[in-house]
Amino acid sequence: MPEPPQLTPLDVEKQRFYSQLLSDVRASHPIAKVEPGHPAEETHFGRLYPRSRSFGHRPTLMAIEGNDGPDASIKKKKKKKRKLISRGELSDRIAVTTALILCCLVTDPVFMATVRSLEVYLDLLSQPCRAVHILLTCNRIPHKVQTVALRKGENRTAEFTKLNPMKKVPVMVDNSFTLTESDAILKYLASKYDIPEHWYPWQPERRARVDEYTAWHHTNTRPHAAEVFILEVLVPIQTSSQVDQVVLDGALAQLDDTLDKLESMFLRRQPFLCGDDITVADLLAVCELMQPAASGRDVLLKHPQLQRWRSRVQAAVGDSFHQAHAILFTIRDRHRAKL
Ligand SMILES: N[C@@H](CCC(=O)N[C@@H](CS)C(=O)NCC(=O)O)C(=O)O
């Protein structure tokens, strides 16, 4: 058993001075609220260091010195820099250091990626999946993509059906929490992860504006833009038939009506759909309006206001936009090459 360091009580003045210095720190930490001089602690210390004169009934501030006894310590007094410490301070320091390490770790995305597992089941040919992908990548939220190829029917396997009985993508699994519906996933991610607040604002009115658009989106922008894609791209592939121009014109007219509403209602006096900054609503909308590009069609051609909005969205999310749309652009380019 090594000899314990000799602990010399401080004089009264110094005790008072250091007690005042420590009082705030100790009060702020739950460990510090334990009555100093806890008997269990004393017994334990007493067993380890039976010759210690210093850990008495009340916490006493000590000067820790070498093992040469009090006389030697007086001689060395002037040469040696004295380390002042009390039991309370020691436990405070340990607690503060632990808290700091934990804080650093939980704000470190690489560490968090190892302790939590965020998985998203996506097919990037799906508009809502791209919206989720863009939010994750442009905010560098650590995640793993599990590709579910809709064209191969991978959304109908027993395994995937367990995740989402609706057999649709996107699906998110954050640790053991499974969530479907792009709208819910985007809002969950924006609320749960440390990303800029503008994506899904906390302020009730600003948040309500986002909810207002996303509610409208699912019965307007989404079905009308998707219909153009289905008629012009999917149906001809699946049935090996020509595009039905009359039906397509009807769908385009309906989409135009929706685009007018987007401009006059949502973009009337603001750069993004729900205010001055980009939100999850813009991601849902832009990904939907890009879908008809698969056939080489730009549905915003006659809508300069919406074109400027799309450029703003692209600029705000940077390379994530291209990453999410890479497959769609490949299909578009193949389609154009055939014409
Ligand atoms: N309301 C859902 C729609 C999801 C959805 O319709 N996903 C499509 C791809 S865009 C899908 O998985 N379709 C597969 C199928 O219906 O078989 C959302 O926004 O997440």
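These are my notebook entries on a predicted model, arranged by topic.

**Overall layout**

I began with the secondary structure, and the protein comes to 14 helices and seven strands. Of its 339 residues, 27% count as buried. I then looked at contacts between residues at least 6 apart in sequence, and 70% of them join residues at least 24 apart.

**The four-stranded sheet**

I traced an open sheet of four strands, and the order is E5-E4-E6-E7 with mixed pairing. E5 (144–147) and E7 stand at the edges with a single partner strand each, so one side of each has no neighbour in the sheet. On average, neighbouring strands of this sheet are turned by 20° against each other, direction ignored.

I went through the pairs around E6 next. E4 (residues 118–122) runs antiparallel to E6 (residues 171–174), and four bridges join the two. E6 is also antiparallel to E7 (residues 177–180), again with four bridges.

Tyr-121 has Val-171 of E6 as its partner. On the E7 side, Val-171 is bridged to Thr-180, and Asp-174 is bridged to Phe-177.

E6 and E7 form a hairpin, with two residues between the strands. In that turn I found Asn-175 with a positive phi of about 55°.

**Around the ligand**

I listed the residues around the ligand: Ser-126, Gln-127, Pro-128, Leu-150, Asn-155, Lys-167, Lys-168, Val-169, Pro-170, Glu-181, Ser-182 and Asp-183. H6 and H8 are the elements that give two or more residues to this shell. By class, I have four nonpolar, four polar and four charged residues in the shell.

Two members of the shell took a further look. Pro-170 is one of the residues around the ligand, and it lies in the loop between helix H7 (158–163) and E6. The peptide bond leading from Val-169 to Pro-170 is cis, with omega near 5°.

Glu-181 is also in the shell, and its place is the loop between E7 and H8. Its phi is near 75°, a positive value in a residue other than glycine. I put Glu-181 down as partly exposed because it has 17 C-beta neighbours inside 10 Å.

How many residues of helix H12 are buried? I found that 11 of its 11 residues are, over positions 280–290. Among them are Asp-282 and Glu-288, as well as Val-280, Leu-283 and Met-290.

I then checked what the buried residues of H12 pack against. The partners are helix H6 (127–138), helix H8 (182–192), helix H9 (204–217), helix H10 (221–239), helix H13 (304–317) and helix H14 (319–338).

The largest nonpolar core has 56 residues, and Val-132, Leu-135, Leu-186, Val-280 and Leu-283 touch the most other members. H12 gives the most to this core, with nine residues.

I followed Leu-186 by itself. Leaving aside neighbours within four places in sequence, Leu-186 is in contact with Ala-131, Val-132, Leu-135, Val-280 and Leu-283.

I looked up Met-265, which is in helix H11 (residues 245–266). Met-265 counts as exposed because it has 12 C-beta neighbours inside 10 Å, and the cut-off for exposed is 12 or fewer. From Met-265 to Tyr-213 I have 10.0 Å, C-alpha to C-alpha, across 52 residues in sequence.

Arg-312 lies in helix H13. Is Arg-312 exposed or partly exposed? With 15 C-beta neighbours inside 10 Å, Arg-312 counts as partly exposed. Apart from neighbours within four places in sequence, Arg-312 is in contact with Pro-271 and Phe-272. Arg-312 and Phe-272 are 40 residues apart in sequence, and their C-alpha atoms are 7.9 Å apart.

Ser-240 has a positive phi of about 50°, although it is not a glycine. Ser-240 counts as exposed because it has 7 C-beta neighbours inside 10 Å.

Note on methods: Residues numbered from 1 in each chain as written. Predicted model: local features only at pLDDT ≥ 70, side-chain atom pairs only at ≥ 80, totals over all residues. Buried ≥ 20, exposed ≤ 12 C-beta atoms within 10 Å, placed from the backbone. Contact = placed C-beta atoms within 7 Å. Near = placed C-beta within 6 Å. Nonpolar A, V, L, I, M, F, W, Y, C, P; charged D, E, K, R; others polar. Core = buried A, V, L, I, M, F, W, Y, C linked by C-beta atoms within 7 Å. Pairing = 2+ DSSP bridges. Axes fitted to C-alpha atoms, helices over the stretch in contact; angles between N-to-C directions.
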